[in-house]
Amino acid sequence: MNILVTGGAGYIGSHTVLELLLAGHHAVVVDNLSNASEEALRRVGELAGVEHIPFYRVDLRDRAGLERVFAENAPFDCCIHFAGLKAVGESVMKPWEYYENNLGGTLTLLDMMRRNGCKSVIFSSSATVYGDPATIPITEDCPKGQCTNPYGWTKSMLEQIMSDLYTADVKAGAEKPWNVVLLRYFNPIGAHPSGRIGEDPNGIPNNLMPYITQVAVGKLDHLNVFGNDYDTPDGTGIRDYIHVVDLARGHVKALAAVERNCGLAVYNLGTGQGYSVLDVVKAFEQANGLKLPYEIKPRRAGDVAKMYSSPEKAKRELGWEAEYGIAEMCRDAWNWQKNNPNGYEG
Ligand code: NAD
Ligand code: UD1
């Protein structure tokens with residue numbers, strides 16, 4: 001299939017472009033490089049044995065730029081839409097920028113898509129749309145909850161916008177209604193096992209695994225564990241970590257849903273296994289033979305105690321399930337960090 005990948009130079013996008021190419025698809029990447037490097041795509045090409053990946057340094061809010069992408073590459077069979085700002089804390093400080101970029105960019109993209117006859121989109125949503133879930137494991141029919149930050153609201157709102165496009169088409173009896181696949185990611189970590197592509201956060205990481213690897217590589221002194229008084233076996237927060245390569249493969253599988261005109265479909269992408277912060281620390285130490293210094297700190301605002309997915313629907317309907325476990329996630333995260341202590345720079 002001919003796939004438009006927005007945000008394809010980023011962390012999850014670059015791993016997905018690789019899996020798309022390995023599966024025999026054609027990918028055209030659009031990214032404004034606000035949080036990514038073109039070097040990631042060069043390495044993806046190297047890993048896939050593809051000399052040139054069509055790339056446009058274009059902002060999704062730039063209608064003329066997008067027009068050029070469509071004029072030169074349409075028809076697209078599907079768009080996998082990763083592009084957006086994703087730092088939770090920053091979104092609290094800069095809500096306007098988050099709404100403008102994430103909503104504005106997506107609205108322009110969706111408009112260009114429908115004008116160019118591509119009405120299939122796979123969207124990067126997040127488990128954050130569930131808020132503080134009433135029951136776990138979380139299934140897709142669990143009601144959406146109150147997000148604790150503007151970033152989360154952009155995901156929730158964009159899910160609604162895309163769902164409404166589909167519903168309107170169905171009501172109007174459209175011959176070719178939208179196909180909308182909403183993928184709710186749990187906690188993506190790790191890197192490609194080659195150590196050539198991985199997560200390259202700007203500044204001090206907010207998320208657990210990149211923080212851990214930067215402690216291990218000596219850039220940061222110790223890990224702060226946010227709270228050990230949650231209602232969990234060791235008191236620290238529990239999450240469903242998923243290897244980024246498994247996550248990337250979930251997108252390739254989701255293309256099959258698009259091909260069979262799934263209409264509106266929502267899938268959790270997680271492993272179904274919950275690990276506490278201290279479990280992850282232990283797993284990282286064991287997988288890599290390292291000692292990781294940490295200190296217990298107060299809870300972080302907006303965190304929930306426990307979240308993990310039911311991945312059953314994706315298994316049943318997409319034939320997808322995560323293959324890597326926590327040991328491989330820790331091994332590959334460290335392999336990437338130690339081989340690229342400064343990320344893609346140098
Ligand atoms: P990332 O920042 O590495 O990738 C996002 C990419 O989008 C970047 O390359 C950035 O340069 C690009 N971008 C941002 N705004 C753009 C715009 N207006 N026009 C063009 N390009 C733009 O993040 P990621 O971790 O790879 O996440 C990919 C998607 O998955 C995001 O939508 C994110 O919100 C979502 N998501 C991520 C996580 C996670 O833990 N990483 C969890 C749930 C959902
Ligand atoms: C967060 C976001 C989520 C987003 C995801 C990826 C919130 C409420 N959720 O998920 O919307 O999709 O990041 O960007 O912000 N932890 C520490 N020390 C650290 C960092 C984290 O103890 O230095 C703990 C946290 O308290 C949590 C767990 O590790 O229990 C995972 O945290 P993190 O990696 O930031 O992901 P989430 O908070 O689950």
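## Ligand 2 and its polar contacts

In this predicted model, a polar backbone atom of F226 lies 2.9 Å from an oxygen atom of ligand 2. In N187, an N or O atom of the side chain is 2.9 Å from a ligand oxygen. For N207, the distance from a polar side-chain atom to an oxygen atom of ligand 2 is 2.9 Å. Ligand 2 would expose 740 Å² if taken alone, and the protein buries 89% of this area.

## The shell around ligand 2

The shell consists of 20 residues, and the closest are L208, N224, R239, R300 and D303. By type, the shell has 9 nonpolar, 8 polar and 3 charged residues.

Two or more shell residues come from each of helix 7 (208–216) and strand 8 (223–226). Strand 8 contributes the most, with 4 residues.

Helix 3 spans residues 63–73, and its buried residues are G65, L66, V69, F70 and N73. These residues lie on the same side of helix 3 because they cover an arc of only 135° around the axis. An α-helix has 3.6 residues a turn, so residues three or four places apart point the same way. On the other side of helix 3, A64 and A71 are exposed.

At the N-terminal end, helix 3 is capped by D62, with a side-chain oxygen 3.2 Å from the backbone nitrogen of A64.

Definitions and conventions: Residues are numbered from 1 along each chain as its sequence is written. Chains are lettered from A and ligands numbered from 1 in the order in which they are written. This is a predicted model: local features need pLDDT of at least 70, side-chain atom pairs count only at pLDDT 80 or more; totals for chains, interfaces and linings use all residues. Side-chain values use heavy atoms; hydrogens and water are left out. Buried means under 20% relative accessible area, exposed over 50%, partly exposed in between (1.4 Å probe, protein chains only). The arc is that of the directions from the helix axis to the C-beta atoms. A polar contact is a pair of N or O atoms within 3.5 Å; within protein, one must be able to donate a hydrogen and the other to accept it, and residues adjacent in sequence count only if both atoms are side-chain atoms. A residue is near a molecule or strand if one of its heavy atoms lies within 4 Å of it. Accessible areas come from the Shrake-Rupley method with a 1.4 Å probe; for residues, only the protein chains shown count as cover. Ala, Val, Leu, Ile, Met, Phe, Trp, Tyr, Cys and Pro count as nonpolar, Asp, Glu, Lys and Arg as charged, and the others, Gly among them, as polar.
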